[in-house]
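Here is a short briefing to read alongside the model. Have the sequence and the 3D view open, and let us walk through it topic by topic.

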Amino acid sequence: MKNQSPNKMQKEQNKSWAQVFLKSTKTVIGVLPIIAGVLLLFGLFRVFVPTHLIKQVFTGNPIKDTLIGGIMGSLFAGNAVNSYIIGGELLRSGVTLYAVTAFLITWVTIGVIQFPAEAAILGKSFAIKRNVLSFVLAFLVAIATVVTLNMLG
Amino acid sequence: MTMKKEAWKSDVQAKQKKSTKGRIYFLLAVVMVYMFLAFFEPQKTLRAFIVFGKILLQVIPVLIFVIVLMAVLDYFLKPQKIKKYLGEESGIKGWIIAIAFGIISHGSVYAWFPLLKELKDQGMREGLVAAFIYNRAIKIPFIPLMIYYFGFKFFVVVTLYMIVASVIEGLLIERI
């Protein structure tokens, strides 16, 4: 094996750090148009959609709200960071925590859009079982989370 | 095998290019909606833009922290290392490793499918594959953002329940 001088090794180590920082910066910059777009939409949502309308859809019924949130998260896909921002802003707009929690979980664990790729690579049976079970579990986790938080106060 | 990997790599790159374009189109479409609404409701549209600006200012510092955390993880974690630790006879250790790597893995899930397939073909339990994918919902670099929006208590409770759910899902997948 070729020997490297400590200076050269240090240089390579520094270069690697620079590369990973550049890569992570690029990743975040890459999702910025989506984040900006989503936040712009939330600006409109906050001003144009009256609170009473949101409360008509999300009534506070744990089962109904969790189901709606879970379905919404399953239909959308993308980086988890977007689900946190959308979920957080929905919560601020008056959507219940049941719906938002189910939304956050299904956003990443269920992929209607990514299903064809998952089925083709990991197998159709595996993909179906995984997505169905993920939805059921997201429903249970969302309810358990909110109930636990209420109990903790 | 190498040719297959190369084809997959170029496919992933093509998808990434397409998604970058899609993101910009999405932003442009939203800007156009704003311009359209500004004609009819200039006051409300301006208020919406101010709301946007306020939220953006709150989110930017968190995103900077996200960049740093992503870089640190990227520096220490390589997919090849994961392959090394997720063997056939991994037992409870396998579950712990699948959950941990699911949480610390980052990037598009598409990029992880070929590796998961390879591991599955080599005998990795289906349950571990499912647990890995399930735990991708918890992302270490984005924890500050989750805490910012939902609080520390929410983060701890939802993370614990999700880890338990991932094991239940993994065990059920192997039995159905």
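Read along the sequence, chain B then gives the pattern α-α-α-α-α-α-α-α. Please keep in mind that this is a predicted model, for which the predictor reports an ipTM of 0.74 and a pTM of 0.71 for the complex.

**Chain B: fold and confidence**

- Chain B has eight helices and zero strands.
- Of its 176 residues, 32% count as buried.
- Among the contacts in chain B with a separation of 6 or more, 81% are between residues 24 or more positions apart.
- The average pLDDT of chain B is 80, and 74% of the residues score at least 70.

**Where chain A and chain B meet**

- Chain B brings 55 residues to the contact, and chain A brings 51 residues.
- On the side of chain B that touches chain A, at least two residues come from each of helix 1 (2-40), helix 2 (42-76), helix 5 (109-121), helix 6 (126-134), helix 7 (143-150) and helix 8 (152-175) of chain B.
- Helix 2 of chain B gives the most to this side, with 16 residues.
- Sorted by class, the side of chain B that touches chain A holds 43 nonpolar, one polar and eleven charged residues.

**Chain A: two domains**

- The domain assignment of chain A places domain 1 at 1-48 and domain 2 at 50-152.
- Seven residues of domain 1 of chain A are in contact with eight residues of domain 2 of chain A.
- On the domain 1 side of that contact in chain A, six residues are nonpolar, none is polar and one is charged.

**Chain A: a helix pair**

- Helix 4 (residues 80-92) and helix 5 (residues 97-109) of chain A have axes that come within 9 Å and cross at roughly 170°.
- Because of that angle, helix 4 of chain A is roughly antiparallel to helix 5 of chain A; the cut-off for this description is an angle over 145 degrees.
- Helix 4 of chain A contributes Ala80(A), Ser83(A), Tyr84(A), Gly87(A), Leu90(A) and Leu91(A), which meet Leu97(A), Val100(A), Phe103(A), Leu104(A), Trp107(A) and Val108(A) of helix 5 of chain A.
- By class, this contact of helix 4 with helix 5 of chain A has ten nonpolar, two polar and no charged residues.

Notes. Residues numbered from 1 in each chain as written. Chains lettered and ligands numbered in written order. Predicted model: local features only at pLDDT ≥ 70, side-chain atom pairs only at ≥ 80, totals over all residues. Contact = placed C-beta atoms within 7 Å. Helix = DSSP H or I, 4+ residues; strand = E, 2+ residues; numbered from the N terminus. Nonpolar A, V, L, I, M, F, W, Y, C, P; charged D, E, K, R; others polar. pLDDT = per-residue confidence, 0-100. Domains from an automatic or database assignment. Axes fitted to C-alpha atoms, helices over the stretch in contact; angles between N-to-C directions. Parallel < 35°, antiparallel > 145°, perpendicular 65-115°, else oblique. Buried ≥ 20, exposed ≤ 12 C-beta atoms within 10 Å, placed from the backbone.
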